[in-house]
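Okay everyone, thanks for coming.

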Amino acid sequence: MNAAESIGWWGVALGIFAGALRGGTPFLLVSLGECLTEKSGKINLGLEGTLLMGAMAAYAVSLNTGNPWMGVAAAFGTGAAMGAIHAFLVSRPKVNDIAAGIAMLIFGSGLAFYLGKPLIRPSAPQLPALALGGWSNLPQLQAALKLSPLFVIGVVLAFFLSWVFRATRWGVRIRAVGDAPAAALAMGVSVTRTRVTAIILGSGIAGLGGAHLSLFYPGAWTEAISSGQGLMAVALVIFARWQPVQCLYASLIFGGTQAIAPALQAIGISQGYYLWNASPYVLTLIVMVITCSTKRTLAGAPGALGTPS
Amino acid sequence: METTPTTASAPPAAAEPTPVIVPVPLSPVPAPTPASAPTPAVAARRWRPAVEAVALPAGAVLAALVLLGVFCATQGANPLGVFKAINRASFGSWYSFQNTLLRAAPLILTALCTALPARLGLMVIGNEGALVAGGLAATITGLACAAFSPWVSLTAMVLAGMVGGGLWVGVVGALHYYRGVNETISGLLMNYVAIALLNHLVNGPMRDPSSLNKPSTHPLVESHLLGSIGDSNVHYGLIFGIVFCLVAWVLMEHTTFGFKVRMIGGNIRAARMAGLSVARLGLITCFLGGAAAGLAGMVEVAAVHGRANDSLAAGYGYAGILVAFVARFRGLPIILVAVLLGGILASGGILQRQFKLPDATILVFQGIVFLCILFSDSLYGRFNCFKEKAA
């Protein structure tokens, strides 16, 4: 705290910057997963459950194998399994995406809390940090630049997905299925199979966000490990206009907003601490109020988003 | 679909990730009878869809029980023993049934917060936020009315709770109708805003300095609390819930207001063409739904906690969503389903003590029930025994 005070308001800026990198990573991964899912025309509102399951599985596997990277793989696999349940449900007739998402949210968080009970005490091996701050002699900056390897994976994934959607056959198929399923079907693309694949992979990516939570920052398994990052995924994707690279910017903004309250507290300003905690949600609401309209569809929204298949 | 000024043949473009969500049960389902059929015969043949509408959810709950049994068996608990314990802890004796009813009361009210807007095609899941907002408004009012008589204070608290929750969800509805903001997402966000507001108030401006371990507001005057019905342990919140539910049921099924709302839920374009003011009806319905959840918050404050603290956000809002879905958004089944779920919630303690199953078991079970119910939605019309025979 003293060190933070010595650099004054710069400490706040640095805290927010560090928060953007650390706290933005789960936002980034869930929003990329949601973006992939929504590009195919389906919504997954249950990514909070997926995130918690991913966090729990990553922690458990890292604890039992001693290898955090096995934990990351487990998080992806668990997320994908959750996605498979969601995909199975929403590809049935008359099942509403949103309702299925809420069900998966309750189920996923319940299962994660249930299976995670024995994991609350022990401490699992953590992911190594990529320290990029060696050039600076400011300890705060060095701490801020200790990057999560999953953040790097997320950044690469954002650009990769953007390329996939733009330039690959598979990406075009996903977009076609999301924009005009009837036309895609007429072209011989299996709508159901494409959507199921997109949902499963998207959930797997969201599961990686859980691995960041339990294996890097905050770096322990508790039932309060996620503060709604998974729920925010849907809002983030709207904010990012269904563009993977913009998901990256949106996640950094949200991670930074989340860090305002702790950063202010570190320099001794604790008034409104709890109100500041609401800032990511208020920010999302404001952005949606400004950008949405009753007159037109949002630019970039997949045409068939949320319609029954 | 109100956001697409295009022709009917155009693909339903969305102004938001979820265009109008019309879960199957929303629209009144008339039996597919040929126009030439005589009226009495139509009435006589309506029972099959009605049986289907009861059999499928009941079957889904049964399937969920079986799945829970399998889950318990894999965890080393005897499934039959677990079921017996749940039954004993929830419906086994008058004492335990009172526990069940205590939990059913807020569930009835929060379920209405999803069920009422669902009738006009809005998927509002801001129940938890509305409950917290209502509870906060009721607490503030109750503390301000400490000098008045209990009746004045309680009436003011009921009104404040309903207005607080109603405005909270009303904002969600207004954002939807005037700005095209998706109501599901804004409702979710508003939940977090409400909880942050609650934490801010009970940790700061409204904090009772003597509440050390669990920051809370000052307690309400003892005599102003909501009492119990007769000599039972069940507080009047249950009556509030049942009355609200019955009023909502009459309003939705037997008034022109309800007919208009159901018409909007069935086909919003047709409702617009018919000259209904969709936004006004939508806002009123959202307000009513929020008022129900806000009343639940008032009841939790005035009958259970006696003050506001973070116990208000205990998950009744999210469980209410489940109740609304299982009851297919209908007024009367909500009471039944809320009592059932209340029973399951009431048995959480015994599962923990007797079977060493963590409290999250109940959450897992809720999830399984919800998934099974959704799966059963896709089975409508799949069973020939529920089909009307062609005349």
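So, let's start with B:Ser216, which sits in the loop between helix H7 (183-203) and helix H8 (237-254) of chain B. Helices here are DSSP runs of H or I, at least four residues, and strands are runs of E, at least two, numbered from the N terminus.

Quick housekeeping: this is a predicted model, where local features need pLDDT of at least 70, side-chain atom pairs count only at pLDDT 80 or more, and totals for chains, interfaces and linings use all residues. Residues are numbered from 1 along each chain as written, chains are lettered from A and ligands numbered from 1 in the order written, and side-chain values use heavy atoms, leaving out hydrogens and water.

Back to our serine: is B:Ser216 buried or exposed? Buried, with a relative accessible area of 2%; the cut-offs are under 20% for buried, over 50% for exposed and partly exposed in between, with a 1.4 Å probe and protein chains only.

What does B:Ser216 touch? Leaving aside residues up to four places away in sequence, the list includes B:Val202, B:Met206, B:Arg307 and B:Asn309, a contact being heavy atoms within 4.5 Å. With B:Asn309 there's also a side-chain to side-chain polar contact of 3.1 Å. That term means a pair of N or O atoms within 3.5 Å; within protein, one must be able to donate a hydrogen and the other to accept it, and residues adjacent in sequence count only if both atoms are side-chain atoms.

Zooming out, chain B has 15 helices and zero strands. Of its 391 residues, 54% are buried. And among chain B contacts with a separation of 6 or more, 75% link residues 24 or more positions apart.
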